[in-house]
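Please look over the sequence and the model first.

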Amino acid sequence: FAVRSEVPIELLKPHPKNEFYHSWPSKEKYEEIKRSIAAEGIRDPLKVTPDYTVIAGHLRLEIAKELGFTHVPVQIVGGDSEYLEYLLIADNDERRDTDDPIRKARRAEFLRRYWGVREGSANPKGTVVYREGQNVPHGATAYREDQNDPHERKTLADVARAIKEDLRTTKRLLKLNDLIPALQDLVSQGRLSQTAAYSLAFLPPEEQEELLRVLGEAGLAGLSVKEAQELRRELEAVRREKEDLARRLAGLEAKEGELERLKARLKELEERPVERVVEKVVYRPDPVLEAELEAARTEAAKLLQEKERIECRLHDVIREKERKEAKIRTLEEEVEKLRRWLDHARSELKKERERPKPPQWSKEHQEFRALMDKANEHAAGLATALKDIKEKHAGRLLSVARVRGTPGDDIEGISEVTFDVLVYTTFRTCLDLAASWIAEIWDVLEPGKPKLKLVKKD
């Protein structure tokens, strides 16, 4: 039933599961809705129960309080608690949900249970859907009838449409409900990816708790999808091995009981009197009893060998577990070192940013940059010119350095040699000066190392 009226705002109270299924919209969306309500008022009434618990309209109620409304329009709805919880999910028209996968997974799980959906199956033709309270014939399957659609049983595809996801994503979301609350919080905060969390959801709760204890929230938050899948495979392999060993140990205990029985039988056979052959005046053992005795000895030896083999395997598993635990401790220490280093780096960066800069710093820095650009340009040109001299004119350079001209040369030759010698002398002087400054700069860049010197090579 539904009754519409206006009530004082202080009578209304939020539903206790509202934030369990829904998250608040972004600040921008919130302000957008607030402007709309401030301009036009609340057009759609809030849905509330007879005791004024809000079913749909929590966001509108919060904005109305901020805007100073004294009364708000409400529509009173009735029904059992499960139906009201269904309305809390299905009838929030003005809510702007964020993409929190955990809250979406909770809504999908409730709808799946409320509609009686069995994953991977559709409502077969001819299936009778019995209403709540009806007598269900012996052997028949009773499905809950949806109050919005009494003629057709819902499927998982309907759940997917209700949460605005495709069927495959809905199945993966439903699996997230198997995560422990601490891991669900990491997913809601965006610190653990939905795909990685899907892999961890297949682990039993105790193994999830153990992972959280060993790796911590920081370690789990950094898990990639591949690492999560690998962790799941390793833990499942260890679990299967434990279960196999447990079964074998149980079988071994049973075999130990069998071994004790065989030992008792052996003792009984050993104490049993043998047949006496009066004719030959000798004692002869019973062949049947001897065969049973030998079979008992063989079976006892096999059981002992099997026990030793299982014990060795158990020791190997224990050692492997200790090795992995040691590796995990080492990784934890490395993570702690990296965390301390990061904190130190952040602290130093903060100090550097907060350190006051002298007024002339900008001007000096610009001058320094200009000189560095000029030095880079000249250094590049010098390097190129020296390379060309070495590769293309090495012979002429050597002749200029050694030959000064002879009296027999003609005027043109003497002039050419004299000009080359003058150029060589100037080049040598500039090169010595550049080398000295390069040595000074090198000493600044690499203090403590031997200075660069320009020496002659024979």
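Helix α8 (residues 181–188) packs with helix α10 (residues 205–221) at an angle of about 25 degrees, and their axes lie 10 Å apart. Since angles under 35 degrees count as roughly parallel, α8 is therefore roughly parallel to α10. The model is predicted, so that local features need pLDDT of at least 70 and side-chain atom pairs pLDDT 80 or more, while totals for chains, interfaces and linings use all residues. Residues are numbered from 1 along each chain as its sequence is written, and side-chain values use heavy atoms, without hydrogens and water.

**Packing of α8 and α10**

- In this contact, where heavy atoms lie within 4.5 Å, A182, L183 and L186 of α8 meet Q208, L212, E217 and L220 of α10.
- The residues of this contact of α8 with α10 comprise 5 nonpolar, 1 polar and 1 charged.

**Aromatic side chains**

- Counting rings of Phe, Tyr and Trp (its six-membered ring) whose centres lie within 6.5 Å, there are 7 aromatic pairs.
- Y86 and Y114 form a stacked pair (planes under 30 degrees apart), with 4.5 Å centre to centre and 10 degrees between the planes.
- This pair links distant parts of the chain, for Y86 lies in helix α4 (residues 81–90) and Y114 in helix α5 (residues 101–114), 28 residues apart.
- Y86 is buried (under 20% relative accessible area, with a 1.4 Å probe and protein chains only) at 4%, and Y114 is also buried, at 1%.
- One aromatic cluster is formed by F20, Y21, Y83, Y86, F110, Y114 and W115.

Technical notes: Axes are lines fitted to C-alpha atoms, for helices over the stretch in contact, and angles run from 0 to 180 degrees between N-to-C directions. Helices (H or I, at least four residues) and strands (E, at least two) are DSSP runs, numbered from the N terminus. Angles under 35 degrees count as roughly parallel, over 145 as roughly antiparallel, 65 to 115 as roughly perpendicular and the rest as oblique. Ala, Val, Leu, Ile, Met, Phe, Trp, Tyr, Cys and Pro count as nonpolar, Asp, Glu, Lys and Arg as charged, and the others, Gly among them, as polar. Rings of Phe, Tyr and Trp (its six-membered ring) pair if their centres lie within 6.5 Å; planes under 30 degrees apart count as stacked, over 60 as edge-to-face and the rest as tilted. Buried means under 20% relative accessible area, exposed over 50%, partly exposed in between (1.4 Å probe, protein chains only).
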